[in-house]
Amino acid sequence: MTQSIVQVDAFADRPFVGNPAGVCIMKKAADETWMQSVAAEMNLSETAFLYPIETGYHLRWFTPLAEVRLCGHATLATAYVLFTDGYVPKTDQIIFHTLSGDLIAAYDDGWIELDFPVRITSPCTPPAGLLEALGVTSEYVANAGEDYLVVVDSDDIVRAVKPDFNRLSGLTVRGISVTAKAAKKYDFVSRFFAPAVGINEDPVTGSVHCALTHYWSQQLGKKELFAYQASQRGGELRLRLEGDRVKIRGKATITIRGELTC
């Protein structure tokens, strides 16, 4: 028995940029240990596993080390495969049933738009050793659900951050987003580090922008934002805050198609 799987570069308008994700479309639910093993074998920041149900698709995401409750780029990658490979008409919406509730994806002239829950940010005292591990100073640190948001003075600082991943992995936090107002073109830039779940740096992180959109919308007085995640691969995101929801738009491209044989 074989199982098809594809690799998709999400938040990318061409191959080899953005964030690669595995997408495994199954006929029915699979064993959790098997899914975790496949995610470890793929060795991408996340691999998505889904199967159809009456009202849409049941969707889960796994890093090489653990299941996560919310993943933006792998959801975008999954929606792209469903729309472009003919599973779902491009005129329809897709409803994903997930650990973070129902998520909606739509196709719009080559773009995928995701409808995600906003993550409210609130200022907090940073955990001991966090700023030292990042090698930055910050006058504003916020709690953002499972993550921390660290605001620095410039996008040059964001791009230059070289974390001590051993120290970061010892903190009791899923991940850390370092962000700053952009000097030009974009509204803000960010990078995201999550060594505690096996991802030193995530290339482009859709879910983190549920919190970043909330924060920067307040700071800039704008509901629509254009963001750049400044990893080595990099990726652009178009964002819109609508009440307690965040609309996240990005492009994607399929780079690998294969079959699992076990």
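This is a predicted model: local features need pLDDT of at least 70, side-chain atom pairs count only at pLDDT 80 or more; totals for chains, interfaces and linings use all residues.
How much space lies in the second largest pocket?

Figure 1. About 220 Å³ of space lies in the second largest pocket. Sorted by class, the lining of the second largest pocket contains 5 nonpolar, 4 polar and 5 charged residues.

**Figure 2. The largest pocket, with Met-1, Thr-2 and Gln-3 among the residues nearest its centre.** The space in the largest pocket amounts to about 310 Å³. Met-26 and Trp-34 also belong to the group lying nearest the centre, and the lining as a whole has 13 residues. By class, 7 of the lining residues of the largest pocket are nonpolar, 3 are polar and 3 are charged.

**Figure 3. The largest cavity and its lining.** The largest cavity holds about 90 Å³ of space. It is lined by 15 residues, and Glu-46, Arg-174, Phe-192, Asp-202 and Thr-205 are those nearest its centre. At least two lining residues come from each of helix H2 (72-84), strand E13 (188-194) and strand E14 (199-202). The lining of the largest cavity divides by class into 7 nonpolar, 5 polar and 3 charged residues.

**Figure 4. The second largest cavity, to whose lining strand E11 gives the most.** The volume of the second largest cavity is about 40 Å³. The residues lining this cavity are Arg-119, Ala-144, Asp-147, Tyr-148, Leu-149, Ser-177, Ser-207, Val-208 and Ala-211. Strand E11, which covers residues 147-151, supplies 3 residues to the lining. By class, the lining of the second largest cavity includes 5 nonpolar, 2 polar and 2 charged residues.

**Figure 5. Helix H2, a mostly covered element of the model.** Helix H2 has 13 residues, and the distance from its first C-alpha to its last is 18 Å. This span is close to the 18 Å expected at 1.5 Å a residue. Of the 13 residues in H2, 12 are buried. The buried residues of H2 are Gly-72, His-73, Ala-74, Thr-75, Leu-76, Ala-77, Thr-78, Ala-79, Tyr-80, Val-81, Leu-82 and Phe-83. Helix H2 also contributes at least two residues to the lining of the largest cavity. Just after H2, a positive phi of about 85 degrees is found at Gly-86.

**Figure 6. Strand E1 and its antiparallel pairing with strands E18 and E2.** Strand E1, residues 3-10, is mostly covered, with 7 of its 8 residues buried. E1 and strand E18 (residues 252-260) run antiparallel and are joined by 8 bridges. Within this pairing, Val-6 stands opposite Arg-257 of E18. Strand E1 also pairs with strand E2 (residues 19-25) in the antiparallel sense, over 5 bridges. Here Asp-9 has Pro-20 in E2 as its bridge partner.

Notes
Residues are numbered from 1 along each chain as its sequence is written. Side-chain values use heavy atoms; hydrogens and water are left out. On a 1 Å grid over the protein atoms alone, a cavity is a set of points where a 1.4 Å probe fits but cannot get out, and a pocket is an open set with protein on both sides within 12 Å along at least five of seven lines; lining residues have an atom within 4 Å of a point. Grid points are joined across faces, edges and corners, and a volume is the space filled by probe spheres set on the points. Helices (H or I, at least four residues) and strands (E, at least two) are DSSP runs, numbered from the N terminus. Ala, Val, Leu, Ile, Met, Phe, Trp, Tyr, Cys and Pro count as nonpolar, Asp, Glu, Lys and Arg as charged, and the others, Gly among them, as polar. The expected span of a helix is 1.5 Å times one less than its number of residues. Buried means under 20% relative accessible area, exposed over 50%, partly exposed in between (1.4 Å probe, protein chains only). Two strands pair if DSSP finds at least two bridges between them.
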